[in-house]
Each structure stands twice: as structure tokens, then as C-alpha cells.
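Please consult the sequence and the structure while reading.

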Amino acid sequence: MKYYSTNGKTEAVDLREAVVKGLAADNGLFMPERIEALPTTFYEDIDKFSFQDIAFVVAQAFFGEDVQEDVLRTIVNETLAFDCPVVHVQDNRYALELFHGPTLAFKDVGARFMARLLRHFVGQDHKRAINVLVATSGDTGSAVVNGFLGVEGVNVYVLYPKGKVSKIQESQFTTLGQNITTIEVDGTFDDCQALVKRAFMDKELNEQLLLTSANSINVARFLPQAFYYFYAYAQMKRQGLQNELVLCVPSGNFGNITAGLFAHRMGLPIKRFIAANNANDVFYQYLHTGKYLPKPSVQTIANAMDVGNPSNFARIFALYDGNHETISRLIEGFRFSDDEIRATIRECFQQTGYVLDPHGACGYKALQLSLSENEHGVFCETAHPAKFKETVDAVLPTPIDIPERLARFMQGRKLACPMDNSFDKFKAFLLQNASRE
């Protein structure tokens, strides 16, 4: 299958080039040239399949033409070595728990899949070292470094905004060493993302280094996130709750909800979507006005959604041919302040005993405000609440426990290179430190 650029100013490429390059030569995002609708028999029997079997069918639709069946099956099985259960929270609201992977965040799925697919391509042609650049507002960094840690021929550079990720999140990607380098940028996530994008467009860097991205701008990172939406539907169908299904996704860079929209295009019977924002409400404003106006991000307690210019808006725009009416009919938007997020965490715990993380709280609250009586809503609980322990403990009657996996990260020594948001300094750092062979 070929992948075209959302900017439409360069030739389409094959999967290997799309994954290795990450970003198109014209600064656009890669999109598959077609999205295969899965057969109706798949949906009729989906509740009888395992998570891995469901994901393999979906993966074949995207990657089957370019990756051997046995290799793809292995990649899927290794990626999904953990569950993503749907849990009833209250009334007609259900949590899709995406925090059971090694770094306790939803990005484990996409990052683990991409790491294995990239390793497959590197193994085919290991002439140059691959340097993975990734900007993180919190959970992306830990998921990516976990997926790539120790992978021969791949070096990872994680850029994160100083003082704008939780201490636990920071410890997950700054303490590992080996082939992982972390850069603490004095700026915002948008600054980090801009540095990464400029690096891909810099002629000298790309002549000397082989660069790719592990953010959701990479097709191998965001497309596999569709796996768990199919699996969530299967779990709801097992309970006879698959009709009138609404999917609510806490949204920052919009890769996660874009994967859900791809699943919908493949025939997944989702009635409608909800994009739940924090105070960074650029997409919310677009839904209401038809105008997409990026603006500087603001810091919130739901920091993974602190994005003022969501990259994947370009994919949503391309998916629906820029038709605002179609997009706003399918996707409803909500936005919540920090105070509303705190209140939701408190109220949900008081009423149900369920502990939300700040991002999941946005999804839960949006469903509470939006669902009709005949609808069932599934919201993404995107990270374990212990990753935001200070925020959550401040509103609950007793402190939450830190899982052992997280506690181990916190014992390591921070290894991070401080840097301002100057591209010239970032470029010089890469030219001096990044691997060429």
C-alpha cells in the first residue's frame, strides 16, 4: 500500500519509507491511500475473537501488503502482551482501561507496535543507524523509550517541556540511559514538537542522519491504536451493549481519536465520537466555528492534552475532505477546566469508588453530559491515575498506591540534557551526538 502526504506536494511512498521517514518531504503527515472496510462477518463474530486475533485482522488491512503474515502476527502478539479491558463505572458509562501495559499508558500499544515494525525494517537493511525523535507532553516519552530500549541500530531522542510533566512521568523516560537520550526543553510541548518537525525539514540534518519520529505523526504509531477500539466493541457486544455506542476520547494531539475514526471508516459500528479537551480547546472551537486557529498551549493538570496545534487535525481534515459539516456531525466536542477535572475525579470516586486520572475524567464527564438514555458510552482511561498522584491525592480522601512498576522508575537517576527552544542548538546537538552508522 502507498502512503500519501496530507499536504499533497510530494510523491506517495511505501510503508517502509513512511515509517522510517515519519514525516513527508513536504512537511505533511502520511495517510494510507485507501482504508479497507472489513467484512460484515467479522463484526458478526467479533465477540468470539481474542484481542490479538481482532488486532491481526485490522493490522492486515493496513500492513498486510507490505509485511509477511507470520512477521505481522508476531508483531501484533508481542505488542499486545497485556489486556485493555472495558470496565463498568456508572449507569451507561464504561471505561476502556488502556493503562495495563508496561508504562501504564495507552501509548504502549502504538509505541510497541512501531518499535517492532521499525526493527523489522532495520533488520532488512541495516546500513545506517535510525535516530528516533519524539516530543512528549507526558506519556508518549515513556511508552516510546520502553518500546525501543536496547533495540540495536535505533537511537531515541526524547524532547519534553521542563516542569510540565509529572515527576513520575519524567522518571519513566529520563532514567534509562543506553540508547535513550532525553532533552529537557525550556518551553512548551508545542515548542518540542516544532523542534522535531523542523529537524525533519532540515536539509543538512537529513543528509547526515537518518531521522524518524515516534509521535502519533508516524503512521506506525497511530494506526495500531485502532486495535483497542475494535476490542472494546467486542467486549460491549459480549454484554449485548453494542448498539447506540458512543466513543469518547480525551484528546491532545488527536492521534488517538483519529485511530478511532479510521476504525469507523473500516465499518466499526460507532454511532458518534466525542473529543474531550482540557483548556487547550482549538479543536472544540473548530467544531463550533469551522475555523482552525492554533494557539499557544496552556499548562493544565491533564498535561498529556496540553497541545495548542494538534498535528493529527490534518489527518481528520483529509479523512473527511475538509468538510466541517461532516466532521462536526460525527464528532462532538467538550472542554473542561482544571477545577472541573478535579471535581469530576472527586465525584466519580464518591459515587462509584472508581479512580479516574485527569484525562479520563474529561472523557467521563463528557459522557455524563452528552449521553442519552438509549446510548452506551465508552471513554478512554488513558493512563493509570498514579502517574498523576499529586493531583489525584489532592482531591481524594486517601492517597492512591503507586504500582511497583512505577515505583521502580522513580528510584533511578535523572539523565537529561537541558536546552532552550532554539532550533540551532538542537540541530548542533544532533549533529554532534546522533549516530550515523
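Is F42 buried or exposed? The model is a predicted one, and in it F42 is buried, with a relative accessible area of 5%.

## Surroundings of F42

F42 belongs to helix α2, which covers residues 40-45. Apart from residues up to four places away in sequence, F42 touches F49, I54, V57 and F230. The relative accessible area of 5% falls under the 20% cut-off, so F42 is classed as buried.

F42 and G147 are separated by 105 residues in sequence, and their C-alpha atoms are 30 Å apart in space.

## Division into two domains

The protein chain is divided into domain 1, made up of 83-106 + 221-394, and domain 2, made up of 129-208 + 411-434. Between the C-alpha centres of domain 1 and domain 2 the distance is 26 Å.

## The interface between the domains

Contact between the domains involves 21 residues of domain 1 and 20 residues of domain 2. Domain 1 and domain 2 bury about 1500 Å² between them, and carbon and sulfur atoms give 43% of that area. Of the area that domain 1 buries against domain 2, T103, N303 and K387 supply 34%, more than any other three residues.

## Salt bridges

Side chains of opposite charge can pair when their charged atoms come close. By the rule applied here, the count comes to 24 salt bridges. One of them joins R34 and E36, whose closest N and O atoms are 2.6 Å apart. R34 is partly exposed at 29% relative accessibility, and E36 is likewise partly exposed, with a relative accessible area of 32%.

A further salt bridge links D45 with K48, the closest N and O atoms being 3.7 Å apart. D45 is partly exposed at 30% relative accessibility, while K48 is exposed, with a relative accessible area of 62%. Elsewhere, E244, K271, R272, E332 and E375 are linked in a network of salt bridges.

What parts of the chain does the pair of K414 and E184 tie together? The side chains of K414 and E184 form a salt bridge, at 3.1 Å from N to O. K414 lies in the loop between α19 (404-410) and β14 (417-420), and E184 lies in strand β8 (residues 180-186), so the pair ties together parts that are 230 residues apart in sequence. K414 is partly exposed at 41% relative accessibility, whereas E184 is buried, with a relative accessible area of 12%.

E170 touches both members of this pair: its contacts, not counting residues up to four places away in sequence, are Y160, V165, E184 and K414. E170 is located in helix α7 (residues 167-174). With 9% relative accessibility, E170 counts as buried.

Helix α6 (residues 139-148) is mostly covered, as nine of its ten residues are buried. After α6 comes G150, which has a positive phi near 80°.

V144, which is located in helix α6, counts as buried at 1% relative accessibility. Leaving aside neighbours within four places in sequence, V144 is in contact with A111, V134, V156, A214 and R221. V144 and T103 are 41 residues apart in sequence, and the distance between their C-alpha atoms is 9.4 Å. T103 is also one of the three residues that together supply 34% of the area domain 1 buries against domain 2.

Technical notes. Residues numbered from 1 in each chain as written. Predicted model: local features only at pLDDT ≥ 70, side-chain atom pairs only at ≥ 80, totals over all residues. Heavy atoms only, no water. Domains from an automatic or database assignment. Contact = heavy atoms within 4.5 Å. Buried area = accessible area lost by both parts, 1.4 Å probe. Salt bridge = Lys/Arg side-chain N within 4 Å of Asp/Glu carboxyl O. Buried < 20%, exposed > 50% of the residue type's maximum accessible area, 1.4 Å probe, protein only. Helix = DSSP H or I, 4+ residues; strand = E, 2+ residues; numbered from the N terminus.
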